[in-house]
Amino acid sequence: AFFVHLVASCIKICYTVLQILYAMKEGFVPVKLLVFSDSHSSCGLMKRFVEKIKPNAIAHLGDYYDDGQVIGESYFHIPLYQVAGNCDAYRAPMEARGMLFLPLGGVMTFMVHGHTHHVKSGIGRLVADGREKGAKLILYGHTHIAYCQQEEDGIWVMNPGPAGYGGSCGLVEIENGEIKSCRILTEADL
């Protein structure tokens, strides 16, 4: 009886998460996306941000991929979108992607770590790639420098900064297929 109840509960949770994911992709549900990068084995601050902000979606942009998995397991009811970074060769499963391109709340979102776009030398190549793909939101990490700005054509570009060393993250709020808010959060916001 316990096993049957456990399986039934798991099925209900999975079904609910799938419904939320579908609704978020189609733009029916407002999205509160918490964005992390470069956690480098420091999960404490990420957990504090999740507890305080109460997002309905989380992104981890690599370095260290397994930290994102810890957050995903700790908050299994919140969809996690994750890409691998340059430090993740032995930390991420072989099938881990280096980039994601998907709609969130009706907003086409491009997620990368940034090393393959050489963002430490500038973000021009990354923005051009995202623009070519039709992205309205470009998320990257790698530089350990928080950045959030809207381009002249309306595309939002965000680097949440390092969740590990610098103690920052990003928050993107999407409603009715439009980005309503895009900002950097620090420990002072907790």
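Predicted model: local features only at pLDDT ≥ 70, side-chain atom pairs only at ≥ 80, totals over all residues.
View 1. Asp38 sits in the loop that links strand 1 to helix 2 (44-53). Its phi is near 50°, a positive value in a residue other than glycine. For context, most residues other than glycine have a negative phi.

**View 2. His144, a partly exposed residue with positive phi.** Here we visit the loop between strand 6 and strand 7 (147-150), where His144 is placed. His144 is not a glycine, yet its phi is positive, at about 65°. With a relative accessible area of 29%, His144 is partly exposed.

**View 3. The cis peptide bond between Asp63 and Tyr64.** The bond joining Asp63 and Tyr64 is cis, with omega about 10°. Most peptide bonds, by contrast, are trans. Tyr64 belongs to the loop between strand 2 and helix 3 (65-74).

**View 4. The largest nonpolar core and its 21 residues.** The members that touch the most others are Leu33, Val35, Met111, Leu137, Leu139, Val172 and Ile179. Among the elements giving two or more residues to this core are strand 1 (31-36), strand 5 (107-112), strand 9 (168-175) and strand 10 (178-186). A second, separate core has 16 residues, including Phe36, Leu45, Ile71 and Ile78.

**View 5. Leu137 and its contacts.** Take a look around Leu137, one of the core members that touch the most others. Setting aside neighbours within four places in sequence, Leu137 is in contact with Val107, Met108, Thr109, Phe110, Trp156, Val172, Ile179 and Cys182.

Technical notes
Residues numbered from 1 in each chain as written. Heavy atoms only, no water. Core = buried A, V, L, I, M, F, W, Y, C linked by side-chain atoms within 4.5 Å. Buried < 20%, exposed > 50% of the residue type's maximum accessible area, 1.4 Å probe, protein only. Helix = DSSP H or I, 4+ residues; strand = E, 2+ residues; numbered from the N terminus. Contact = heavy atoms within 4.5 Å.
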